[in-house]
Amino acid sequence: MDKKLKVLLLAAGLGTRLKPLTNNIPKCLVRINNKPLLHIWLEKLENLNCDSILINTHYLSEKVEEYLKSKKFGSMKIHTSFEPKLLGTAGTLIKNADFLLGNNCMFIHADNFTNVNLREFLNFHLKNTKPKKRLFTMMTFTTDYPESCGIVSINNEGIVENFYEKENGKNGNIANAAIYCFNDNLINFLLSKNKNYFDFSKDVIPDCINSIQTYHTSSTFIDIGTIDNLERARRKYKN
């Protein structure tokens, strides 16, 4: 890999559905057994030899800062970007374009739990993104709860042809894992549109249909947005 790997890790969520657990801690610091979810992600990225990470913050941002100051993750550089007003997943990416340009990039929602192998995903992306028409690689998985996910339909080359964001319908069960790999092609594409992108799934993905390649994994994915899902993750991940 001739370019550095930089990662945008989204961790600004309010955790409303996890209250009262999140009354005093942000969602990204909720523990899966003995480790905060944010810590689990940072360990994964350290093992991936990530050069630097940018974590966006908002709700109880001081708690995130305190936690990061108390931990070390090798030579990996960790930066934070406080958002007084939430910019949305796409807005955060565009705001931090300068941090990402010129590198291999990964874009991750920190409120998901998974045991996925990120190195296999990155290697797949690096081998398959030479065609400029492929703007980014989306990780997908098979879900038992399609009504709570973004569902994709793909062609025989693994390219996204349609996307259905949390719709009640019979659109299949291949879900967007909300983990993406990309490079300057995507960033320059978004900047050239000069749009007020806010949500990546609702605003960006529809503009990129037929230009998104997919990497399918059999790994578990759990959105840590509810107490039930948090308990399910805790049962799945034990140290």
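**Exercise 1. Find the strands that pair with strand 1, and state how its residues are placed.**

Solution. Strand 1 and strand 6 run parallel and are joined by 6 bridges. Strands pair if DSSP finds at least two bridges between them; strands (E, at least two residues) and helices (H or I, at least four residues) are DSSP runs, numbered from the N terminus. The model is predicted: local features need pLDDT of at least 70 and side-chain atom pairs count only at pLDDT 80 or more, while totals for chains, interfaces and linings use all residues. Residues are numbered from 1 along each chain as its sequence is written, and side-chain values use heavy atoms, with hydrogens and water left out.

Step 1. Buried means under 20% relative accessible area, exposed over 50%, and partly exposed in between (1.4 Å probe, protein chains only).

Step 2. Since 6 of the 6 residues of strand 1 (residues 5-10) are buried, the strand is largely enclosed by the rest of the structure.

Step 3. The charged end of Lys6 sits over the ring of Phe99, 4.7 Å from its centre. The rule asks for NZ of Lys or CZ of Arg within 6 Å of the ring centre and within 35 degrees of the ring normal.

**Exercise 2. Describe two aromatic pairs and where their rings lie.**

Solution. Rings of Phe, Tyr and Trp (its six-membered ring) pair if their centres lie within 6.5 Å; planes under 30 degrees apart count as stacked, over 60 as edge-to-face and the rest as tilted.

Step 1. By this rule the count comes to 8 aromatic pairs. Phe107 and Phe200 form an edge-to-face pair, with 5.3 Å centre to centre and 65° between the planes.

Step 2. Phe107 lies in strand 6 (residues 104-109) and Phe200 in helix 7 (residues 200-207), so the pair ties together parts that are 93 residues apart in sequence. Phe107 counts as buried at 0% relative accessibility, and Phe200 counts as buried at 1%.

Step 3. Phe121 and Tyr215 form a tilted pair, with 5.4 Å centre to centre and 50° between the planes. This pair links distant parts of the chain: Phe121 is in helix 5 (residues 118-128) and Tyr215 in strand 12 (residues 212-217), 94 residues apart.

Step 4. Phe107 and Phe200 also belong to one aromatic cluster with Phe136 and Tyr180.

**Exercise 3. Work out how the buried residues of helix 6 are arranged.**

Solution. Step 1. In helix 6 (residues 184-193), the buried residues are Leu186, Ile187, Phe189 and Leu190.

Step 1. Seen down the axis of helix 6, these residues fall within an arc of 160°, so they line one face of the helix. The arc is that of the directions from the helix axis to the C-beta atoms.

Step 2. Among the elements that cover these buried residues are helix 3 (88-95), strand 8 (136-142) and helix 7, where contact means heavy atoms within 4.5 Å.

Step 3. After helix 6 comes Asn194, whose phi is positive, near 55°.
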